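The following exercises concern a predicted model.

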Amino acid sequence: MRFHPSHKFAIGLLEWLLVALVLMLFASQLPPEVNEPNYLAKARHYWDSSWCESDFFLSTADAHAPFYLGFGWLFLFLPMEVAAWIGRIFTCGVLALGWVRLTRAVAPQPGMAVISAVTMLGLSSFFQLSGEWIVGGFEGKGLAYGFIFLALADLAKNRWNRAWILLGIASIWHVVVGGWACVAATIGWFLLGSRSDRPTLRSQIGAIVLGFFISLLGLLPGMQLGGEATREQLRQAASIQVFARLPHHLDPQHFLISTSFPYLTPAAIRFLLLVCLWALLATRLKANVAAHRFNLFTAGTLAIAMIGLLISFTTRADPLLSARLLQFYWFRLADVMVPAACGLSLVCYLTATDALRHRVLRTGVLLGTLIILCIPLSAHHQAAGIPPADRKFTRYPASYQDWLAACHQARRLTPPDALFLTPKYNHTFKWHAGRGEVATWKEMPQDAPSVLEWNDRLARLYPNGPYGAVPLAARSATAIRNLGNRYGAGYVLTRASPHLALPLLYRNESFALYRIAPSPPAEQRDAPSLP
């Protein structure tokens, strides 16, 4: 059916709004999301260095400087939570624009973008291999995927020159994601073969060069992370990153291999089943030239993942070399693109077989997917009551409220430049209290010298005991004072029990706030809790 141009615009706008709504429903977790505290704290500190000026993590190299420069100014005027919501809405708008254009390139019927988006997000939630996600908190990765989808829409239409430029823009926001997308597009171009209608390499040189120079805005900050580090420091930092801090993202023998039959983890089995589904759908859609080009790009992402797997097995005898090579997130793009390709291939197959030829049927399927999947998910997010970044540290509402109260008292009772010793696995002290920390598990720096310093700080702050890391509350007052003197920390926030022989500023059922100073007389140690 043909539509009037004004009707086409209205339908396209409505579809974009619906896809953006779907994405927002998936991104409707209470802020902060898991990565937002460190990402957005870095962005705020980039524009206002006096905020948490003594914090170790915030003073390290800025790996995502374009993102901090582009969005950190929001925090000069808005609370962290409000700025996070604005960023999420903007990111979902960019992602929705890219997804609608990509879906229209391979399955032009109205409404298909919404159905494919819900399918893609559902598959991505349950069939990921290395923990990658498309929609979540506000960070550069979401913007990068939005521009990748825009690039893939042009690639599917055989407009490669525009695609290279858009991939360069994606690399500004996240150089690893954008860089691997460029590699996958190159593999896809070669897989098309010389007998296809692909453009010649010579005709693309100008766009490739332009895209590369655009990507330098994101590449140069990443290249500077080595700094003055020696080769040995780089290898040791990579080993900490790959095998200690991020094996769930970087080490395939952690998330892929099991020690018992069938020698694959459940996540690996689910992902391989999804790959088989994609391969089956892709073979049925070769007649759809646009979908075929996109599926060859997806094959490129799987080729990158296979290379990462090969590196893992062939370099295991040299762990430092293995870590140095595996730190580049070989599996990240396949984690996203295989579910995306399945979602698109499914709607292509349904439309090609006329299964959704009636507008009434398409509308019913569209509304059904929204009602059945998205709205209950959003309601579940809000009902949880505890933001994801707080959830692993404070699992219950009572302890979460105690954590908020302790953070607010830390902000009220201490100067803005105060430096704290805090629990190892907390992730939101800066977010709630606006005060600096010596080190935490989540906030690993990106430059090699700082990674080594961070690892040393964690070892000193939280030495291993028979039951894991010894909490600060279980250390002696002398040990706490020594740590405070070593790192310039004037305060400690830790579990309420056991009590520390330090000046008490605040205590509730779960947490206690102390000033690191010489021990007061015994009668002063049991100070009353503040309201």
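**Exercise 1. State which helix gives the most to the lining of the largest cavity, and describe that lining by class.**

Solution. Begin with the search of the whole structure, which finds four cavities of 30 Å³ or more. Next, take the largest cavity, whose volume is about 50 Å³. Its lining consists of Ala-27, Arg-88, Thr-91, Cys-92, Leu-95, Trp-133, Ile-134, Val-135, Gly-136, Gly-137, Phe-138 and Gly-142. Helix α4, residues 80-106, gives the most to this lining, with four residues. Finally, sort the lining by class: seven residues are nonpolar, four are polar and one is charged.

**Exercise 2. Determine how helix α6 is oriented relative to helix α7, and describe their contact.**

Solution. First, locate the two helices: α6 spans residues 140-156 and α7 spans residues 160-173. Their axes lie 8 Å apart, and the packing angle is about 175 degrees. Angles over 145 degrees count as roughly antiparallel; therefore α6 is roughly antiparallel to α7. Then identify the residues that touch. On the α6 side, the contact includes Gly-140, Leu-143, Phe-147 and Asp-154. On the α7 side, Trp-160, Arg-162, Leu-166 and Trp-173 are among the residues that take part. By class, the contact has 14 nonpolar, one polar and two charged residues.

**Exercise 3. Give the strand order of the open sheet of five strands, and name its edge strands.**

Solution. Read across the sheet: the order is β2-β1-β5-β7-β6, and the pairing is mixed. The edge strands are β2 (436-437) and β6 (504-507), each of which pairs on one side only. A helix also packs on this sheet: α19, residues 397-413, touches β1, β5 (491-495), β6 and β7 (511-515). The direction of α19 makes about 20 degrees with that of β7.

Definitions and conventions. Residues are numbered from 1 along each chain as its sequence is written. This is a predicted model: local features need pLDDT of at least 70, side-chain atom pairs count only at pLDDT 80 or more; totals for chains, interfaces and linings use all residues. Side-chain values use heavy atoms; hydrogens and water are left out. On a 1 Å grid over the protein atoms alone, a cavity is a set of points where a 1.4 Å probe fits but cannot get out, and a pocket is an open set with protein on both sides within 12 Å along at least five of seven lines; lining residues have an atom within 4 Å of a point. Grid points are joined across faces, edges and corners, and a volume is the space filled by probe spheres set on the points. Ala, Val, Leu, Ile, Met, Phe, Trp, Tyr, Cys and Pro count as nonpolar, Asp, Glu, Lys and Arg as charged, and the others, Gly among them, as polar. Two strands pair if DSSP finds at least two bridges between them. Contact means heavy atoms within 4.5 Å. Axes are lines fitted to C-alpha atoms, for helices over the stretch in contact, and angles run from 0 to 180 degrees between N-to-C directions. Angles under 35 degrees count as roughly parallel, over 145 as roughly antiparallel, 65 to 115 as roughly perpendicular and the rest as oblique.
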